[in-house]
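Have a look at the structure first, then go through the points.

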Amino acid sequence: MPDSLAFDAPATVRRLDPAKFQDPAVTADGSKRASVALTALETLWFNTGTLCNIACVNCYIESSPTNDRLAYLTLADVKAKLDEARTEAAALKEIGFTGGEPFMNPDIIPMLTMALDRGYQVLVLTNAMRPMLRSMKPLEALNAAYPGQLTMRVSLDHYTAELHEKERGPDSWAPAMRGLKFLSDNGFHIDIAGRLCWGETEAHSRVGFAQLFKELQLDLDADDESRLVLFPEMDESQDIAEITESCWGILDKSPDAVMCASSRMVVRKNGADAASVLACTLIPYDAEFDLGETLAEASRDVSLNHPHCARFCVLGGASCSG
C-alpha cells in the first residue's frame, strides 16, 4: 500500500458566503445563474429510504439507523414510476437504487426483480454489510436469471481499514470485506465507490485501491473511472463558486454533461401521501429540488442553486450513474 496516512493537510477553507445560492435566477453578484435542461431521462434513481445500518461521519443524506426523513419506498411506488416511464422516458436505460442502505427496505428484492424484468440495467449502491448478506440467496438467483444486467456498487470510503472506519465507524471494514467476497465469489459485476478525503490525490488513491483489489483478487481496474468511482467531498458549509451561464464557456463544459440533464430520483418523504421526483440524488431535503409527483412534471429545467451543483457536478465532474 502507498503511504496512505501521510497525506498533505487540507488547506484552510472559507465558510460559504451566506449571500450565495439564495436566488434560483441570479447569483450573489447579480449574474444569471446557470440551469440545466433534461435532455433525456436515461437514469431513474429510487431512494429506498434513509434508514441505514450504520451512520457515516459525512453522509450527504444523513442516513443512520434512526433517520427516516425519507420513508421506505414501496413496491407500488416503483411500479407506478416504471409504468409512467414507458411513455415519459423512452430513453430510459438504467435504474439505480440507493438509500440509506437499500437492503434495509423489505421490498428491495421485488423492486430489483421488477426493474430487471423490464429489461433495464440495474445499479445498486450498498455498503455490502449484513443487510445485503441477508439477501444472498435471492440475489444469487437474480444475478443468474438476468445475466449482465445487475451491478453492485460497494461503498469503500478508503482502501485502508483505518480510514474507512474513520468515516463508517468501528468494525465496519471486516463486514464489508465479507460482502465483497460473497459478490466476487458468486460472479456479480462489482463497482467500488470511494471518497477523496484527507488531502489525498486521485492518483494516489487509485494506486492504493489497485493494491487492495489485487490482494482481494477482485477483477477490477482501479484506473477505470466507471469501475472505481471516487467522489469529491460534499460539505455545503464550505465556500464554492456559483455557476453562472458564462461558466459553460469558461469551463469548456456542456450542461448536457451534468447529472440532472439525464437523471432524476424518486423518494417518499416521511408523512407524504405519494412519492415525489427530485432533480438530484444529492439534494434530498431542499423543496426547491422537488419537481413534483410525476416524471412529466419533473422534466422541467433545474436551476443550479446549491453548493453541491458546483462542487460535485460542474467543478467536480462527478456523476452517480453507472
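1. Helix 9 gives the largest share of the lining of the largest cavity, three residues. Helices here are DSSP runs of H or I with at least four residues, strands are E runs of at least two, and both are numbered from the N terminus. A cavity is a set of points on a 1 Å grid over the protein atoms alone where a 1.4 Å probe fits but cannot get out, and lining residues have an atom within 4 Å of a point.

2. Bear in mind that this is a predicted model: local features need pLDDT of at least 70, side-chain atom pairs count only at pLDDT 80 or more, and totals for chains, interfaces and linings use all residues. Residues are numbered from 1 along each chain as its sequence is written, and side-chain values use heavy atoms, with hydrogens and water left out.

3. Searching the whole structure turns up one cavity of 30 Å³ or more. The largest cavity holds about 80 Å³ of space, a volume being the space filled by probe spheres set on the points, which are joined across faces, edges and corners. Its lining includes Val258, Met259, Phe289, His308, Cys309 and Cys313. By class that lining has 11 nonpolar, one polar and no charged residues (Ala, Val, Leu, Ile, Met, Phe, Trp, Tyr, Cys and Pro count as nonpolar, Asp, Glu, Lys and Arg as charged, the others, Gly among them, as polar).

4. Now the pockets, meaning open sets of points with protein on both sides within 12 Å along at least five of seven lines. The largest pocket has about 1,100 Å³ of space and 43 lining residues, with Asn58, Arg195, Pro232, Glu233 and Met234 nearest its centre. Strand 6 (189-196) is among the elements that supply at least two lining residues each, and its four residues are the largest share.

5. Finally, helix 2 (residues 108-117) packs on helix 4 (residues 136-145) at about 5°, with axes 11 Å apart. Axes are lines fitted to C-alpha atoms over the stretch in contact, and angles run from 0 to 180 degrees between N-to-C directions. That makes the two helices roughly parallel (under 35 degrees). The contact (heavy atoms within 4.5 Å) includes Ile109 and Leu112 of helix 2 and Leu139 and Leu142 of helix 4.

Conventions
Angles under 35 degrees count as roughly parallel, over 145 as roughly antiparallel, 65 to 115 as roughly perpendicular and the rest as oblique.
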